[in-house]
Amino acid sequence: MSDGGAFVRFEDVGFSYGDGPEVLRDINLTLEPGTFHFLTGTSGAGKTSLLRLMYLAERPRRGAIRLFGRDTASLSRMEAPVLRRRVGVVFQDFRLLPHLSAFDNVALPLRVASVGETEIRQHVTELLAWVGLADAMDARPQTLSGGEQQRLAIARAVVARPDLLVADEPTGNVDDHNAMRMMRLFQNAHHYGATVVVATHNAQLVARYNYPQLHLESGRLSVLPVALPADPFPPKARAAGQGALPLGQP
Amino acid sequence: MFRRRYDLPLGRDGSARLVPWIVALMSYLAALTLAGALALGVLAWRWTEGVSGAVSVLLPPAAEDADAGKARAEKARAALLGVAGVGAVEALEAADVARRLEPWLGSGAAAGDLPLPRLLIVRIKPGQRPDLAAMRAALTETAPSAVVDDHGVWRGEIARLAARVMALAGFAVLLIALTGAVVVVFAVRAGLAVHHETIEVLHLIGAHDDYITRQFRAHTLWLSFLGGLIGLVLLAVTEAFLWQAAANLDPALLPRLDLGAWQWAALGALPGAAAFLGMMAIASAAAKRTVRRALARLV
């Protein structure tokens with residue numbers, strides 16, 4: 001079922017884990033294509049839960065979620081994965097697969113989408129260069145530093161050129177320099193056309209960029225206004241047939 | 001077919017290490033059971049085939065000298081040849097009868113110490129049924145106490161025994177197959193638990209259930225393939241041992257298991273192939289079903 005317009009829309013969404021109390025209440029949210037939002041709130045406010053609903057790891061207990069024009073409640077087991085491939089996720093704990101090389105970790109989203117190995121090699125190589133890991137293609141994630149692992153996780157999230165990129169506390173455990181570096185990667189993906197949601201409780205980071213904020217408090221969502229125009233690059237619509245993300249120095 | 005790229009580190013999964021050995025044991029037992037049933041079936045067919053189309057006529061021993069006994073047997077033979085459907089009648093010499101009974105009665109039978117019956121083998125013409133009543137009627141004058149036996153009771157017992165053994169073998173194979181399936185299910189479940197996080201990552205980045213199921217299935221098939229090969233080797237060794245043992249059997253006591261090398265190979269190959277392919281099919285189906293049920297619990 002398509003409603004034709006909504007990119008990401010939450011309508012009166014409530015969510016709880018099992019029979020526990022509601023961690024998200026009456027969430028109403030619309031994300032337009034090509035926007036960049038911070039998702040803020042204290043620990044336990046429900047940021048991760050909201051993101052999990054966005055990348056279809058959970059289903060709402062009540063209300064409706066529409067993703068790319070589709071009502072997620074009506075998705076079949078064959079349709080849901082196809083929608084998930086349009087969402088790139090940077091997990092809070094990275095969730096890189098330790099038995100696979102950096103190259104194979106980044107290649108995973110393309111492999112599950114049955115992309116040819118030649119194309120995979122080209123895109124993954126470019127992307128690893130983009131995140132500054134060109135020399136670490138064969139390295140196992142556990143041999144990389146925290147910052148490198150985070151960049152690897154970002155590369156995996158964007159390799160399939162997702163329409164929606166969500167990141168759960170990506171700058172949580174890195175210094176300012178690495179946090180800025182990661183934000184540049186997100187901006188680059190946004191500039192390319194992806195809608196980006198970055199969950200963070202880092203107030204300095206939020207203040208530095210001044211993107212609109214989705215603020216969660218005790219499971220309730222409010223949208224905070226933008227103080228200053230932030231993105232020097234207006235988002236561009238994705239052109240069909242383009243290659244990997246535009247390269248640049250992160 | 002099996003060795004493909006796995007995103008899941010299934011090859012390092014300790015819980016699956018025993019699977020080839022258990023599958024080897026299961027397929028060996030299944031093949032051995034099937035081979036035993038097949039061998040018994042062949043033997044039963046040989047035994048019954050050997051006596052079908054023939055009727056035994058037993059002339060009880062009488063107080064007479066050898067020549068009179070021989071003459072009595074000859075008269076009975078002539079009378080039987082006149083019965084419709086009888087093709088030939090062979091009157092066994094007393095020495096032949098003694099030789100056939102020697103394994104049970106010892107050399108005393110051959111020495112003439114025991115009164116032995118005379119035995120006539122009546123061959124029925126092909127396509128005709130033996131008329132036992134007509135034979136008994138033909139013998140009323142020369143040998144009224146003769147026992148005419150077409151071995152029907154014995155053949156029926158053998159056929160029933162063979163059928164029951166076959167049914168038991170089928171049941172045993174079914175139990176073995178179920179055990180094999182349970183082993184695979186537990187191994188796959190253990191694998192699912194061990195690799196739960198990796199599976200969830202694959203699921204969340206857009207892997208279809210089939211993508212994940214294929215990896216478990218291919219890995220399980222590979223392990224079953226290895227197990228099946230080991231089972232076949234065990235079966236071949238067992239057959240070689242049985243072949244040698246059968247060659248040393250006393251042919252007077254039991255029908256000879258005089259199968260050639262190729263017949264022994266066929267006797268092993270058919271059940272071996274059935275067990276091998278069967279176990280692989282069971283492993284594949286069990287893995288597929290188990291993984292699909294587990295994945296269905298993911299959103």
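This is a predicted model: local features need pLDDT of at least 70, side-chain atom pairs count only at pLDDT 80 or more; totals for chains, interfaces and linings use all residues.
The size of an interface is often given as the accessible area lost when the parts come together. Here chain A and chain B bury about 2,100 Å² between them. Carbon and sulfur atoms account for 57% of that area. Three residues stand out on the chain A side. Arg77(A), Arg84(A) and His99(A) supply 30% of the area that chain A buries against chain B.

Six residue pairs are in polar contact between chain A and chain B, with both residues at pLDDT 80 or more.

Salt bridges come next. Side chains of opposite charge can pair when their charged atoms come close. The structure holds 16 salt bridges over all chains. The count between chain A and chain B is three. One of the salt bridges is formed by Arg77(A) and Asp209(B), whose closest N and O atoms are 2.6 Å apart. Arg77(A) lies in the loop between strand 5 and helix 2 of chain A, and Asp209(B) lies in helix 8 of chain B, so the pair joins two chains. In another salt bridge, the side chain of Arg95(A) meets that of Glu200(B), at 2.6 Å from N to O.

Asp209(B) also takes part in a helix contact within chain B. Two packed helices are described by the angle between their axes and the distance between the axes. Helix 7 (residues 196–204) and helix 8 (residues 209–247) of chain B pack at an angle of about 145°. Their axes are 9 Å apart. Helix 7 of chain B contributes Ile199(B), Leu202(B) and His203(B) to the contact. Helix 8 of chain B contributes Asp209(B), Tyr211(B), Ile212(B) and Phe216(B). By class, this contact has five nonpolar residues, one polar residue and one charged residue.

Chain A has an open sheet of four strands. Their order is 2-1-4-5, and the pairing is antiparallel. The edge strands are strand 2 (22–31) and strand 5 of chain A, and each pairs on one side only. In a regular strand the side chains alternate between the two faces of the sheet.

The pairs can be followed across this sheet. Strand 1 and strand 2 of chain A pair in the antiparallel sense over six bridges. Ser16(A) stands opposite Glu22(A) in strand 2 of chain A. The hairpin of these two strands has five residues between the strands, and Gly18(A) takes a positive phi near 60° there. Strand 1 (residues 8–16) of chain A also pairs with strand 4 (residues 62–67) of chain A, in the antiparallel sense and over five bridges. In strand 4 of chain A, Leu67(A) is the bridge partner of Val8(A). Likewise, Ile65(A) in strand 4 of chain A is the bridge partner of Phe10(A).

Strand 4 of chain A then pairs with strand 5 (residues 70–71) of chain A. This antiparallel pair has two bridges. Leu67(A) has Arg70(A) as its bridge partner in strand 5 of chain A. Two residues lie between the strands in the hairpin of strand 4 and strand 5 of chain A. In this hairpin Phe68(A) takes a positive phi near 50°.

Chain B also has an open sheet of four strands. The order is 2-3-1-4, and the pairing is antiparallel. Its edge strands are strand 2 (86–91) and strand 4 (147–149) of chain B, each pairing on one side only. The twist averages 20° from one strand to the next. Six bridges join strand 1 (residues 54–59) to strand 3 (residues 118–124) of chain B, and these two strands run antiparallel. Val122(B) in strand 3 of chain B is the bridge partner of Val55(B).

Key: Residues are numbered from 1 along each chain as its sequence is written. Chains are lettered from A and ligands numbered from 1 in the order in which they are written. Side-chain values use heavy atoms; hydrogens and water are left out. Two strands pair if DSSP finds at least two bridges between them. Axes are lines fitted to C-alpha atoms, for helices over the stretch in contact, and angles run from 0 to 180 degrees between N-to-C directions. Buried area is the accessible area (1.4 Å probe) that two parts lose on being put together, summed over both. A salt bridge is a side-chain nitrogen of Lys or Arg within 4 Å of a carboxyl oxygen of Asp or Glu. A polar contact is a pair of N or O atoms within 3.5 Å; within protein, one must be able to donate a hydrogen and the other to accept it, and residues adjacent in sequence count only if both atoms are side-chain atoms. Contact means heavy atoms within 4.5 Å. Ala, Val, Leu, Ile, Met, Phe, Trp, Tyr, Cys and Pro count as nonpolar, Asp, Glu, Lys and Arg as charged, and the others, Gly among them, as polar.
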